[in-house]
Amino acid sequence: MSSFNYNKILVIGATSGIGQAYAEKFIQDGKKVVVVGRRKENLDAFVQKHGKDKADAVEFDITFLNQIPKFALDITTAHPDLDCVLLNSGIQRAFDFSKPETIDLSVINTELLTNYTSFIHLTAAFLPHLQKQQSETSLIYTSSGLALVPVARVLNYCASKAALHSFVLCLREQLKDGAGNVKVIEIFPPAVQTELHDEKHQPDIKDGGKIGMPLDDFIEQSWAGLVNGDDQIAVGMAETAFNGFENLRQGIFHKINNMIKGVAKRD
Ligand SMILES: NC(=O)c1ccc[n+]([C@@H]2O[C@H](COP(=O)([O-])OP(=O)(O)OC[C@H]3O[C@@H](n4cnc5c(N)ncnc54)[C@H](OP(=O)(O)O)[C@@H]3O)[C@@H](O)[C@H]2O)c1
C-alpha cells in the first residue's frame, strides 16, 4: 500500500468531517498530526483516542488574523519537523439576495474571512518554515467543486472557494520558481456527508448531514490522489467539471502565464 509523502501534518479544521477523517487516515498511515479547531472537547477527544505520541492539538480560531503569526511560530517551534499544512476549515451559509433585508452582512464577512482571507494569512505565516526544510514539504487546500460551478443558494461560499482556487493556482505557479521545495495541492470535494450542511448552521435544510457522498467514500477516493502525489484532486461532480472545462481553462492559464514570464525576461 502506498504511503503519504509527508510525516507530520498540521490539519486546520480537524474537529469534525473531512479534516478529522484525514487526520485519522494520516495516523493510520503511520504519520503524526497536529489537529486544530475551535471545539476543545473534540480536540481533546482526538488526542485521547490516538495518544500524545501521534497527535497534538491546538485550539485556535483562524478568523483572528492578527494572532496567526504567533500561532504559526508556536506550532513550528513545538514541531520543527512539520512538513505539511492542510488548510481545511470552512463554513457554508445560505443567503437570498432577492430579499436584501434578510442579508446579515457580518455573516458574509465571516464566511469570506474563514474560507479565504485566513487561508492567505496562514499561507504567508507557514511558508517560511516550509521553504526552509531540506526535503519536499506541502501546503494542501480544501476548496470545493463549487469553486468551479457555483450554486445560487450559497453564493458567497462559492465566491470564497472560487477566490481560493484562483489563489492556489497562482501560488503553485509562483512557488515553481521560488525558494524551497513546497508542493501546492488542492482538493475539490463534491457534496460530502459532514457537519457543513447541519441544521445548526443552515436551519433551512432538513437532515443536512445526509447530503452528498458518505465521508469514508470521499476519503478513500481522494486518498488515492494524495498518495499518488497528484497536485489537484477532484472527486465526483468536481471531477466532471475538471474533465468538462477546467483542464482547458488551466491550459489557457499556463499559456498566458508563460507569455507574461517571457515578456518580463525581455524587460
Ligand atoms: N461537506 C461538503 O459537502 C464539502 C464539499 C466541498 C468542500 N467542503 C469543504 O471541506 C472543508 C471541511 O468541511 P466539512 O465538510 O468537513 O465540514 P465540517 O464538518 O463542518 O468541518 C469544518 C471544520 O472547519 C473548522 N472551522 C470552521 N471555522 C473555523 C474557525 N473560525 N477556526 C478554526 N476552525 C474552523 C471546524 O472546527 P470548529 O468548529 O471546531 O472550529 C471544523 O473542524 C471545508 O473547507 C468545506 O468548505 C466540504
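# Notebook: a predicted chain and its ligand shell

**Helix α1.** I began with α1, which has twelve residues and reaches 17 Å from its first C-alpha to its last, close to the 16 Å expected at 1.5 Å a residue. The expected span of a helix is 1.5 Å times one less than its number of residues. Helices here are DSSP runs of H or I with at least four residues, strands are runs of E with at least two, and both are numbered from the N terminus.

I noted how the entries are to be read: the model is predicted, local features need pLDDT of at least 70, side-chain atom pairs count only at pLDDT 80 or more, and totals for chains, interfaces and linings use all residues. Residues are numbered from 1 along each chain as its sequence is written.

I then looked up burial in α1. A residue is buried if 20 or more other C-beta atoms lie within 10 Å of its own, exposed if 12 or fewer, and partly exposed in between, with C-beta atoms placed from the backbone. By that rule α1 is mostly covered, with nine of its twelve residues buried. Among them are Ile-18, Tyr-22, Ala-23 and Phe-26. The buried residues of α1 pack against β1 (8–12), β2 (32–37), α2, β4 (84–87), β5 (137–142) and α6. Contact means that the C-beta atoms of two residues, placed from the backbone, lie within 7 Å. Just after α1, Gly-30 takes a positive phi of about 90°.

**The ligand.** Which helix gives the most to the shell around the ligand? I found that it is α1 (residues 17–28), with three residues. In total, 27 residues surround the ligand, and the closest are Gly-13, Gly-17, Gly-37, Arg-38 and Gly-90. A residue is counted as near if its C-beta atom, placed from the backbone, lies within 6 Å of the molecule. I sorted the shell into eight nonpolar, 15 polar and four charged residues. For that sorting, Ala, Val, Leu, Ile, Met, Phe, Trp, Tyr, Cys and Pro count as nonpolar, Asp, Glu, Lys and Arg as charged, and the others, Gly among them, as polar.

**The whole chain.** I listed seven helices and seven strands. From the N terminus on, the elements run β-α-β-α-β-α-β-α-β-α-β-α-β-α. The C-alpha trace spans about 50 × 50 × 40 Å along its principal axes. Buried residues make up 37% of the 267 residues. Of the contacts with a separation of 6 or more, 65% join residues 24 or more positions apart.

**The core.** The largest nonpolar core has 59 residues, and those with the most contacts inside it are Leu-10, Val-11, Val-35 and Leu-86. Such a core is a set of buried Ala, Val, Leu, Ile, Met, Phe, Trp, Tyr and Cys residues joined through C-beta atoms within 7 Å. Leaving out residues up to four places away in sequence, I found Val-35 touching Val-11, Ala-14, Ala-23, Leu-43, Phe-46, Ala-55 and Ala-57.

I followed Phe-46 next; this residue lies in helix α2 (residues 40–50). Is Phe-46 buried or exposed? Phe-46 is buried, because 23 other C-beta atoms lie within 10 Å. Not counting residues up to four places away in sequence, Phe-46 touches Ala-23, Val-35, Ala-55 and Ala-57. The C-alpha atoms of Phe-46 and Ala-23 are separated by 9.3 Å, at 23 residues apart along the chain.

Leu-122 sits in helix α4 (residues 105–132). Leu-122 counts as buried because it has 24 C-beta neighbours inside 10 Å. With residues up to four places away in sequence not counted, Leu-122 touches Ile-12, Ile-62, Ile-68 and Leu-87.

Helix α6 (residues 215–228) has 14 residues and reaches 20 Å from its first C-alpha to its last, close to the 20 Å expected at 1.5 Å a residue. Its buried residues are Phe-218, Ser-222 and Leu-226. I saw that these pack against β6 (182–188) and β7 (232–234). After α6 comes Gly-229, whose phi is positive, near 85°.

In the loop between β6 and α6 I found Asp-207. Phi of Asp-207 is near 55°, a positive value in a residue other than glycine. Most residues other than glycine have a negative phi. Asp-207 is exposed, because 10 other C-beta atoms lie within 10 Å.
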